[in-house]
Amino acid sequence: MDTNTCIRTRRSVRSFKEEPVSHALLEEIISVASYAPSWKNTQISRYIAIETRETMDYIADHFCMSFSHNANIIKGSPLLIAQTFVKNRSGFTREGTYDTDRGEGWQYYDCGITAQTFCLAAHEAGLGSVILGVFDRLALQEYLQIPPEQELMALIAVGHPAAESPAPKRKEVSDLLSYR
Ligand SMILES: Cc1cc2nc3c(=O)[nH]c(=O)nc-3n(C[C@H](O)[C@H](O)[C@H](O)COP(=O)(O)O)c2cc1C
C-alpha cells in the first residue's frame, strides 16, 4: 500500500473479530512506530499490550467514566494498547528546564505522532485500531502500575476489523491552508 492510500484509507475501527493479534505482528507495528520523529530523537513513547480478557473487561467496567461507548469498544477488542511516555525529556533541556514556551506540550505532540504512526502501520498490516482518549487517566495509571517516571497518554484498541468503517467528512483544503 502506498503512503497516500494508507493515510486516506485508515479509519478508526471500533468493532473487531475475536481473532487475536499475534505478538509478531504487534512487534512489527511497534518497530515501524519507532521510526516516528520525536523531539531531539528522545523517543519517549512506550506501549503496554493488554491482551487478557479479564483485564480488558475490568478496564472497560472501571475506568471508562460511564462512557459506555468506549467500554463497549474495549470489551469487543482482542488487544488494548496503553500508550505511555517517559516524562521530562521531550521539550526539556538536559538541565530539566523547558526548552520553549510550549513547556510540557511537546511530550503530547510526540505521542500523537507515534500513535498515528502506530495506527498507520496497523492499517498497513491489515489491522484496525482506534485511539481512545476518554478514560480515567489517573486511576488507570495506578491500576496499570505505570512507573513514576512515565505518564499514561492514550489507549489504542487493536484487532482484525469486523466490518468496513465509514469515513467521516474531512474539511476542504481551503479551510485548512492559508498563505502569507
Ligand atoms: C486524541 C484522540 C482521542 C480520541 N478519543 C476517542 C475516544 O475516546 N473514543 C472513540 O470512539 N474515538 C476516539 N478517537 C477517534 C476519533 O473519533 C476519530 O479519529 C475521528 O472521528 C476521525 O475518524 P477516523 O479516525 O476514522 O478518520 C480519538 C482520536 C484521537 C486522535
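## Strand pairing

Strands β2 (residues 79–86) and β4 run antiparallel and are joined by eight bridges; two strands pair if DSSP finds at least two bridges between them. In this pairing L80 stands opposite A157 of β4. Strand β4 is also joined to β3, again antiparallel, by five bridges, and here G128 faces G159 of β4.

Of the ten residues of β4 (residues 150–159), nine are buried. A residue is buried if 20 or more other C-beta atoms, placed from the backbone, lie within 10 Å of its own. Strands (E, at least two residues) and helices (H or I, at least four) are DSSP runs, numbered from the N terminus.

## Basis of the model

The model is predicted: local features need pLDDT of at least 70 and side-chain atom pairs count only at pLDDT 80 or more, while totals for chains, interfaces and linings use all residues. Residue numbers start from 1 along each chain as its sequence is written.

## Residue A33

A33 lies in helix α2 (residues 23–33). A33 counts as buried because 21 other C-beta atoms lie within 10 Å. Leaving aside residues up to four places away in sequence, A33 touches T114, T117, F118 and A121, contact being C-beta atoms, placed from the backbone, within 7 Å. A33 and L120 are 87 residues apart in sequence, with 8.7 Å between their C-alpha atoms.

Conventions. A residue is buried if 20 or more other C-beta atoms lie within 10 Å of its own, exposed if 12 or fewer, and partly exposed in between; C-beta atoms are placed from the backbone. Two residues are in contact if their C-beta atoms, placed from the backbone, lie within 7 Å.
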